[in-house]
Amino acid sequence: MLLAAAPLRAGAPSACTANAPAARNFVLRDVDNRKWTFASTKGKVVLIDFWATWCAPCKIEIPGFVEMYNHYKADGLEVVGVSMDTDLPAIKAFAAEHRINYPVLIGAGADGVIRAWGVAGLPTTALVTRDGRVCRTFVGATPKDEFEDVIRQLLNDTP
């Protein structure tokens with residue numbers, strides 16, 4: 001079960017208080033029907049975003065994820081979007097329109113993955129440490145700077 005960490009406290013030594021292991025064993029297909037496995041992110045800080053094309057808060061968050069991926073990719077950030085839509089052409093069109101530059105996976109029908117990550121509403125976004133622990137989980141629209149504060153700390157932490 002996915003656990004959400006307590007809110008970040010000023011002066012806290014780490015952005016994380018949750019110690020839950022990430023579900024590193026899942027395999028999904030991307031929008032080009034290629035297999036993608038979460039295990040491929042080992043050693044990276046991962047932002048995994050569960051979203052849908054019809055989700056207004058998702059549309060607000062995605063440009064920030066694109067920016068963060070551009071800015072922090074070389075430092076070890078991996079961003080992964082898991083679309084809960086069933087219409088593949090709509091997902092591809094949305095990804096192109098919003099210039100999504102990170103892997104977009106098809107999560108519709110992957111109930112085991114959805115349960116393992118504790119997704120009960122959209123958007124749901126999890127941040128995972130380099131050593132594979134779920135650090136924080138955000139449900140609903142979250143300002144970019146809240147993600148970025150945690151990401152910066154995680155990129156500077158050594159496993």
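The mean pLDDT of the chain is 87, and 85% of the residues score at least 70, in what is a predicted model. Where pLDDT is low, the predicted coordinates should not be read in detail.

**Strand β4**
- An antiparallel pairing with strand β7 (residues 124-128) is made through 5 bridges, with Ile-48 opposite Ala-126.

**Pairing of β4 with β5**
- Strand β5 (residues 77-83) runs parallel to β4, and 7 bridges join the two.
- Within this pairing, Val-45 stands opposite Leu-77, and Leu-47 stands opposite Val-79.
- Together with helix α1 (residues 56-72), β4 and β5 make a right-handed β-α-β unit.

**Strand β5 and its link to β6**
- In β5, 7 of 7 residues are buried.
- Both faces of β5 are covered, with Leu-77, Val-79, Gly-81 and Ser-83 on one side and Glu-78, Val-80 and Val-82 on the other.
- Strand β6 (residues 104-106) pairs with β5 in the parallel sense over 3 bridges, and Ser-83 stands opposite Ile-106.
- Helix α2 (residues 88-97) carries the chain from β5 to β6 in a right-handed β-α-β crossover.

Note on methods
Residues are numbered from 1 along each chain as its sequence is written. This is a predicted model: local features need pLDDT of at least 70, side-chain atom pairs count only at pLDDT 80 or more; totals for chains, interfaces and linings use all residues. Side-chain values use heavy atoms; hydrogens and water are left out. pLDDT is the predictor's confidence in each residue, from 0 to 100. Two strands pair if DSSP finds at least two bridges between them. Helices (H or I, at least four residues) and strands (E, at least two) are DSSP runs, numbered from the N terminus. A crossover is right-handed if, with the strands pointing away from the viewer, the path from the first strand over the helix to the second runs clockwise. Buried means under 20% relative accessible area, exposed over 50%, partly exposed in between (1.4 Å probe, protein chains only).
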